[in-house]
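Jotting things down as I go.

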Amino acid sequence: MGTFLLLMAEASAVGGELAGREAEGGFSLNTNIFDANLINLAIIITVLFVFGRKVLGNTLKTRRETIETAIKGAEQRATDAAKRLKEAQQNLERATAEAERIRKAADENAQAAKEAILAQAAVDIERLQEAGAADLSAELDKAIAQLRQRVVALALQKVETQLKGGIADDAQQILIDRSIAQLGGEG
């Protein structure tokens with residue numbers, strides 16, 4: 001801005017000089033390139049300042065509004081992003097808490113299932129032992145019954161053999177007396 005004022009001051013000095021020369025002798029051609037360029041520059045700068053100020057002002061104003069809008073949009077996006085981040089963190093905390101609750105419930109269910117399986121296994125073992133004992137008892141009774149049948153069959157076979165060979169009269173008498181005694185008779 002200081003340079004502009006300096007140029008303006010010089011341009012007005014040159015303009016005053018030209019006006020003074022015109023009054024003295026008329027119109028003359030200025031052959032000094034620097035003086036002529038300074039006047040031209042002063043005129044161009046003045047025209048640019050007067051007319052360009054509005055255009056430049058409007059351009060700068062538009063640019064400023066665009067930048068302000070961009071800043072406000074960025075601030076809004078930052079605010080929205082912060083809100084979404086906070087919501088995501090809350091969702092993460094809720095999901096973590098839910099996962100922990102599910103894990104604890106799964107552990108409790110697994111422990112309960114383990115205990116139920118162990119209890120059922122104990123009941124099944126006891127039932128199998130009882131069934132095994134009952135089967136063993138039944139097999140033992142069956143074996144005893146078979147042995148009795150075999151002993152009876154062998155005894156009958158021996159008696160038949162003896163009967164075929166004949167019984168002595170004394171033995172017959174003793175056998176009859178015993179049978180009567182067992183029946184409750186005399187003897």
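Below are my notes on the annotated segment and then on the salt bridges.

Entry 1. I kept in mind that this is a predicted model.

Entry 2. How many salt bridges does a search of the whole structure find? I got 5. I went through some of the pairs.

Entry 3. I looked at R64 and E68, whose side chains meet in a salt bridge at 3.2 Å, N to O. They sit 4 residues apart in helix α2 (residues 33–165), so about one helical turn separates them. Exposed or partly exposed? R64 counts as exposed because its relative accessibility is 58%, and the cut-off for that is over 50%. E68 is partly exposed at 35%.

Entry 4. Next I took E100 and R103, which form a salt bridge at 2.5 Å, N to O. This pair is 3 residues apart in helix α2, again about one helical turn. I noted E100 as partly exposed at 34% relative accessibility and R103 as partly exposed at 44%.

Entry 5. I then checked D124 and R127 and found their salt bridge at 3.7 Å, N to O. D124 is partly exposed, with a relative accessible area of 26%, and R127 is partly exposed too, at 48%. Both lie in helix α2, 3 residues apart, about one turn.

Entry 6. Last, I looked for shared partners: salt bridges join E100, R103 and D107 into one network.

Key
Residues are numbered from 1 along each chain as its sequence is written. This is a predicted model: local features need pLDDT of at least 70, side-chain atom pairs count only at pLDDT 80 or more; totals for chains, interfaces and linings use all residues. Side-chain values use heavy atoms; hydrogens and water are left out. A salt bridge is a side-chain nitrogen of Lys or Arg within 4 Å of a carboxyl oxygen of Asp or Glu. Helices (H or I, at least four residues) and strands (E, at least two) are DSSP runs, numbered from the N terminus. Buried means under 20% relative accessible area, exposed over 50%, partly exposed in between (1.4 Å probe, protein chains only).
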